[in-house]
Amino acid sequence: MSSVPEREEIDTSYRWDLTSIYEDDEAWEEAYEAVDARVDDLREYEGHATDDAETLRELFELREEIMREVAKVRSYASLRSAEDTRNQEYQALQAKAESLSSSAQSAASFLEPELQELDEADVDSLIETEPALAAYEHYFDDVLRMKPHTRSAEVEELLAELGEVAGASSDIYGMLSNADMTFPTVERPDGEAVEISLGNFTKLQKHPDRGFRREVYEQFYDEWAEVRNAVGTSLKNSVKKDVKYARARNYETAREAALNGPNVPVAVYDTLVDTVRANLDSLHRHTELKRDALDVDELEMWDLYMSLTGDEGPDIPYEQAREYIVEAVAPLGEPYQTRVQNGLDSRWVDVYENRGKRSGAFSAGTYDTQPFISMNYQDDISSMFTLAHELGHSMHSELAKDAQPWQYADYTIFVAEVASTVNETLLTHHLLETVEDDELRMHVLDEYLERFRQTLFRQAMFADFELRIHEIAEADGALTPDRFDEEYRDLKSEFYAPAELDDRIPREWMRIPHFYYNYYVYQYATGISAAVAIVERILDEGEDAAEAYREALSLGGSAYPIEVLETAGVDMASPEPIESALSVYDEYLDRMAELLAQ
């Protein structure tokens, strides 16, 4: 029987090394106690933050010291928890760390309201008196920009204190889906039993046996039906939380609040959705191509992930994936390439799925740690692309930390998804141009088309769904599982018009954790659009374009995201990058159609 192993069964070389953060749990506890004892030191500055330039500088320095240590404490606990969400000891550590983070944010919550009592002339005077404050010029600008949406120090402290509780819906959903839900075991056509999991569901949906795909699909979604009310309630309350927080900060909508944080115009969101919807004929063409390639009368929902080549594709062991990725990023420069190699060699990556491990993949870390990448690697092309994606995030963090002080090392998700998708696009180009194995090349082309479908079209559909359900809540409408199903079915039928919708697909929303992230998903779609434009520029112009891209990554949070991408030569305020990406998608569809016709 093919089953998911326990963590201890996986070789240490394929597990990340968290001792680089703290030697052991005891060291973590000591760090926790030490920084917890300092949090209240921040409150001593309340009401006096802007008394004079020296006091403000001291406060900034103290805040940085405390927040950097809090971030390490939180990171260690979160990563331990992700290793096995069933482990109650590490769930408790994470809860303590989240509480500490909330307390620290609360203790410093007076700072921005007090800064917002200043004007630009006051800020200039402070900087003139204390030149060290010049390092915070962009921060000052950002804080003053948010003045209409910042409440009194008392209210800000309360909102910060509620941060831990506000994340309850997402936490509950995560525990339910990762720890409590157990999916059925099914029998492969060869007689081998395999347990369905969140990590392997998509891979199983690529199996060449259509009857097996259907069984996996039905068993998987029938299991979700068993927790329908719990998940519906969780998502409803998450949406309501977004709406209430937005209103508390004087925004008309939750979307306006979410996009104003990183200073992304709402028009960018609308331009994305409108441009994608205007080009659904390209997605429909892909769907029809898939139907013809599979030689079926109707393309069913359990066929959507199936390869255009009609089979699962060649295995890509982790070691081979590493080699391909390192070669692929060569156009970004030798130092970038070497750093990727060194990161892979020094256990940045937690490679394989184990029981209880958090599903999906992510890159994490802090200003004072190395990156940590969680994978659920399945020895396939999709996993290789996911690894390239997460390494893009990790390298973005490394370059930003190299170039920026702590206050600017973080960057918005809007920019982050560009860095990850640039790596994917470079990997596609490299493999199509250099690999002599025709079967692999065909599967790589198919994989990129599939990722394009999922990253641009599917995420734009998700963005539309997210907007719809928030608008229902903002109009005081009832959000129920039936309403979620209704809205999701409408969108699915429009986006996948050539395919047959069944009664299970409307509940697909239940398995998407990103709906708890408050207008997050649209950034995948804008990210791939910008990434394609950047890669085309790098391949055409060489090192000058690569340098501009590296410079953009190095900016971190020292500029607004639209400005960061302009540094790399992309204007995301216009539909041009999206239209350019769609033209590449169409070109690759043409290439695939020609290959299939041979």
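Let's start with a word you'll need: a residue is buried when its relative accessible area is under 20%, exposed when it is over 50%, and partly exposed in between, using a 1.4 Å probe and protein chains only. What you're looking at is a predicted model, in which local features need pLDDT of at least 70, side-chain atom pairs count only at pLDDT 80 or more, and totals for chains, interfaces and linings use all residues. Residues are numbered from 1 along each chain as its sequence is written, and side-chain values use heavy atoms, leaving out hydrogens and water.

At 25% relative accessibility, Arg 347 counts as partly exposed. You'll find Arg 347 in the loop between α17 (334–345) and β3. (Helices are DSSP runs of H or I with at least four residues, strands are DSSP runs of E with at least two, and both are numbered from the N terminus.) Arg 347 isn't a glycine, yet it has a positive phi of about 65°. Asn 250 also has a positive phi of about 65° without being a glycine. That residue lies in the loop between α12 (228–248) and α13 (254–260), and it is partly exposed, with a relative accessible area of 47%.

Now follow the chain on to β3, part of an open sheet of three strands in the order β3-β5-β4, with mixed pairing. Two strands pair if DSSP finds at least two bridges between them. β3 (349–350) and β4 (362–364) are the edge strands, each pairing on one side only. Between β4 and β5 (residues 372–374) there are three bridges, in the antiparallel sense; one to look for joins Ser 363 to its bridge partner in β5, Ile 373. Helix α18 lies across β3, β4 and β5, at about 20° to β4. For that angle, axes are lines fitted to C-alpha atoms, for helices over the stretch in contact, and angles run from 0 to 180 degrees between N-to-C directions.

Ser 102 sits in α3 (residues 88–107) and is buried, with a relative accessible area of 8%. Leaving aside neighbours within four places in sequence, Ser 102 is in contact (heavy atoms within 4.5 Å) with Ala 160, Glu 161, Gly 163 and Glu 164. Glu 164 is 62 residues from Ser 102 in sequence, but their C-alphas are 6.1 Å apart in space. Ser 554, in α24 (residues 543–554), counts as buried too, at 18% relative accessibility. With neighbours within four places set aside, Ser 554 touches Leu 399, Ala 400, Ala 403 and Gln 404.

On a 1 Å grid over the protein atoms alone, a cavity is a set of points where a 1.4 Å probe fits but cannot get out, and lining residues have an atom within 4 Å of a point. Points are joined across faces, edges and corners, and a volume is the space filled by probe spheres set on them.

The largest cavity has a volume of about 150 Å³. Of its 15 lining residues, Lys 206, Ser 307, Glu 312, His 443 and Glu 447 are the closest to its centre. α18 (381–403) and α21 (438–474) are the elements giving two or more residues to this lining, and α21 gives the most, with four.

Technical notes
On a 1 Å grid over the protein atoms alone, a cavity is a set of points where a 1.4 Å probe fits but cannot get out, and a pocket is an open set with protein on both sides within 12 Å along at least five of seven lines; lining residues have an atom within 4 Å of a point.
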